[in-house]
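Biologist: Please show me the model. I will then ask what stands behind each label.

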Amino acid sequence: MTARQVLVIEDDKDIALGLRIVLERGGFEATLAGNGRDGLRVFHTARPDLVILDVGLPEMDGWTVLERIRDLSDVPVLMLTAHGQESDKVRGLHGGADDYLTKPFGNDELTARALALLRRRPSAEVAEAPEVFDDGVIEVNFAAREVSVNGEPVALTPTEYRLLAALVRHQGQVLSAQTLLDLAWSDPLGIGPDRVKYTVMRLRRKLGADTEASPIEAVRGFGYRFRRK
Ligand code: CA
């Protein structure tokens with residue numbers, strides 16, 4: 001069995017590095033992200049088995065990150081907080097967190113909680129992210145970052161590619177413009193949902209289908225969804 005992947009989203013470098021050491025000793029593989037946006041991006045590409053998420057993060061706080069993760073996945077999330085307030089705990093568990101740990105915490109406690117969360121979710125149930133998507137018309141090779149339509153390669157900008165990859169990875173699911181901004185734009189601060197709309201329009205044209213026939217469907221008031229053929 002390959003090591004379980006843990007994504008640690010924590011801006012305090014000392015704590016993050018300490019967590020990595022503890023997790024690796026516990027037999028996990030740890031990836032670190034220093035803020036929420038990086039965390040979401042890594043989450044999206046690495047598909048971790050567990051997320052350890054600090055509440056106090058710069059720019060986008062842990063609650064918002066949790067919300068965005070829950071838009072996409074039911075991966076176990078262990079929240080870290082410095083406050084130790086009951087209200088935070090209630091908020092975290094209502095917001096979709098699976099467990100909660102107050103700083104400072106002991107290494108053994110962290111490992112025990114992480115293992116408990118993973119036990120609740122056997123690895124066989126964790127869907128492996130496929131390397132290639134192919135619905136007979138559109139093919140997305142995630143490893144090579146290549147897209148083709150009816151066998152013809154399509155040149156996409158990095159943002160267009162990430163947008164398509166996000167929609168395809170979550171096919172059938174409606175992703176909000178905000179979630180797409182977080183996942184596809186390298187610097188989404190200050191960019192409005194209109195940008196998503198125009199990029200979707202460009203992407204649809206490049207994929208060779210106009211609004212009606214496009215597999216990228218706009219769901220009014222909610223966002224966008226990829227429908228496979
Ligand atoms: Ca922090």
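Modeller: By class, six nonpolar, three polar and three charged residues line the second largest pocket. The model is predicted, so local features need pLDDT of at least 70 and side-chain atom pairs 80 or more, while totals for chains, interfaces and linings use all residues. Numbering runs from 1 along each chain as its sequence is written, and side-chain values use heavy atoms, without hydrogens and water.

Biologist: What makes a residue of that lining nonpolar, polar or charged?

Modeller: Ala, Val, Leu, Ile, Met, Phe, Trp, Tyr, Cys and Pro count as nonpolar, Asp, Glu, Lys and Arg as charged, and the others, including Gly, as polar.

Biologist: Which elements supply at least two residues each to this lining?

Modeller: Helix H8 (193-206), strand E10 (216-219) and strand E11 (223-226) do, and H8 gives the most, with four residues. Helices (H or I, at least four residues) and strands (E, at least two) are DSSP runs, numbered from the N terminus.

Biologist: What makes Asp11, Asp54 and Gly56 donors of the calcium ion?

Modeller: Asp11 (OD), Asp54 (OD) and Gly56 (O) lie 2.1 to 2.4 Å from the ion. Donors are N, O and S atoms within 2.8 Å of the metal (3.2 Å for Na, K and Ca), so these atoms qualify; water is not among the atoms, and sites may look incomplete. Along the chain the donors follow the spacing D-x42-D-x1-G. Aspartate 11 lies in the loop between strand E1 (5-9) and helix H1 (13-25) and aspartate 54 in strand E3 (residues 50-54), so the pair ties together parts 43 residues apart in sequence.

Biologist: Why is aspartate 54 called buried?

Modeller: Its relative accessible area is 3%, and buried means under 20%, exposed over 50%, partly exposed in between (1.4 Å probe, protein chains only). Aspartate 11, at 36%, therefore counts as partly exposed.
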